[in-house]
Amino acid sequence: MFVKSRGEHASKHVLPKNLALLLCFASFCAGMFFSNRTWMVPDAKGIPWTSRTGGKQFVDYDRNIVVKNEGNSSGDISASQHSILTMDKAISDLEIKLMASRAEHETIQKDPTMSEGVKNIESILKRKYFMVIGINTAFSSRKRRDSVRATWMPQAEKRKKLEEEKGIIIRFVIGHSSTSGGILDKAIEAEEKVHGDFLRLQHVEGYLELSAKTKTYFATAVSWWDAEFYVKVDDDIHVNLATLGVALARHRKKPRVYIGCMKSGPVLARKKGVKYHEPEYWKFGEVGNKYFRHATGQLYAISKDLATYIFINQNVLHKYANEDVSLGAWFIGLDVEHVDDRRLCCGTPPDCEWKAQAGNICAASFDWRCSGICRSVERIVEVHERCGEDMNALWSANFVQTMRTSS
């Protein structure tokens, strides 16, 4: 019984002869098909080999892709690499937008007063701008602001045209006084009603708080306007907007760029009460050392990714005594390209005048000994007349050719 049952059981699994032949033929065809396929071999990372078709193939195991180069042509490799870089940039942009959105949501939750302002600028956020220029100013600088308005900063309808046609936003940047709603704040509110050219920050004004103000400015600007560049300017220097725009446009394809007149000044130690004294001098090494390379504070620009970085990490970015040093410190450990452009720090006449006559128009002019134009209220008109660019230069500038509206 046992032997019989075993034989009967085995006979049920015997395949018909024709079916067995069919399966063998199918297996042979499958083997021929897959022999021309590329299989990932972890020990051969980045090593080229020759396929049966005669072309060369390369494996990039970091990205899990195969790049084919039929006929030893480099065109396909370049095209594939370009596609990879484009994809990486798109992913990076999405990650930054996601982090910025989360940070903005958390900021609004912590400060309910911002929610209404965010609602009011939803339409503005849909627009893509070229650059946002924030002019750092103080409560006592009304005459400086008026001198800027009378020279290089377009007013009224021209300023609106500048925003709509050229994608350039210009605002005087100021916070609030220590006494909320006091006479200083009311004076700014009255000035705002006349000119409409202020960006008010959630920040208490004070000379020793410039680093905090700079951080708040970039965080606020990037949350209000979607621009390619964000610029900080002092209210006692002269700026040629078209020249500045052309200078920045050359770097628009770089993801993380920091543009200005780079310097490395001495760290002022053990001199309390002296201007530019650095209380944390010990962090920079031995006494007598210099700061790391950073842009001088009169004018500098950063790309959107860096402004977004400040916005996301504003609560943990350390503030040094000097705001230009603080900004440089925030980028020193990042993969950032520093661009030293001396057109952003020309001298006043005759320096900028000679350069203009030679065809090298300056983007910004000031006096180093005064950290701005000396007696700027009286002299900025002279600087504008002698070193200013052609009045039509701004409206004919080509940096707006790639401007677009976000969908």
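1. R159 and E163 form a salt bridge, with 3.6 Å between the closest N and O atoms; the term means a side-chain nitrogen of Lys or Arg within 4 Å of a carboxyl oxygen of Asp or Glu. Both residues belong to helix α7, four residues apart, about one turn of the helix. R159 counts as buried at 7% relative accessibility, and E163 is buried too, at 15%. Here buried means under 20% relative accessible area, exposed over 50%, and partly exposed in between (1.4 Å probe, protein chains only). Helices (H or I, at least four residues) and strands (E, at least two) are DSSP runs, numbered from the N terminus.

2. A word on the source: this is a predicted model, in which local features need pLDDT of at least 70 and side-chain atom pairs count only at pLDDT 80 or more, while totals for chains, interfaces and linings use all residues. Residues are numbered from 1 along each chain as its sequence is written, and side-chain values use heavy atoms, with hydrogens and water left out.

3. For a pair with other surroundings, have a look at D351 and K355, whose closest N and O atoms are 3.4 Å apart in a salt bridge. They are four residues apart in helix α13, which means a separation of about one helical turn. D351 is partly exposed at 26% relative accessible area, as is K355 at 31%. Elsewhere, salt bridges with shared partners join R142, R145, D146, R149, E191 and D197 into one network. The count of salt bridges comes to 28.

4. Now the sheet: seven strands form an open sheet in the order β6-β5-β4-β7-β10-β9-β11, with mixed pairing. Two strands pair if DSSP finds at least two bridges between them. β6 and β11 are the edge strands, each pairing on one side only, and the twist averages 25° from one strand to the next. Strands β9 (residues 257–263) and β10 (residues 294–303) are antiparallel partners over five bridges, and Y258 stands opposite I302 in β10.

5. Helix α6 (residues 142–149) packs on this sheet and touches β4, β5 and β6, its direction making about 175° with that of β5. Contact means heavy atoms within 4.5 Å. Helix α7 lies across β4 and β5, at about 120° to β5. Axes are lines fitted to C-alpha atoms, for helices over the stretch in contact, and angles run from 0 to 180 degrees between N-to-C directions.

6. Some backbone details deserve a glance. Most residues other than glycine have a negative phi, and most peptide bonds are trans. A156, in helix α7 (residues 156–166), has a positive phi near 50° and is exposed at 51% relative accessible area. R375 also has a positive phi, about 50°; R375 sits in the loop between β12 (364–365) and α14 (376–387) and is exposed at 57%. P349 and P350 are joined by a cis peptide bond, with omega about 15°. P350 lies in the loop between β11 (337–340) and α13 (351–357).
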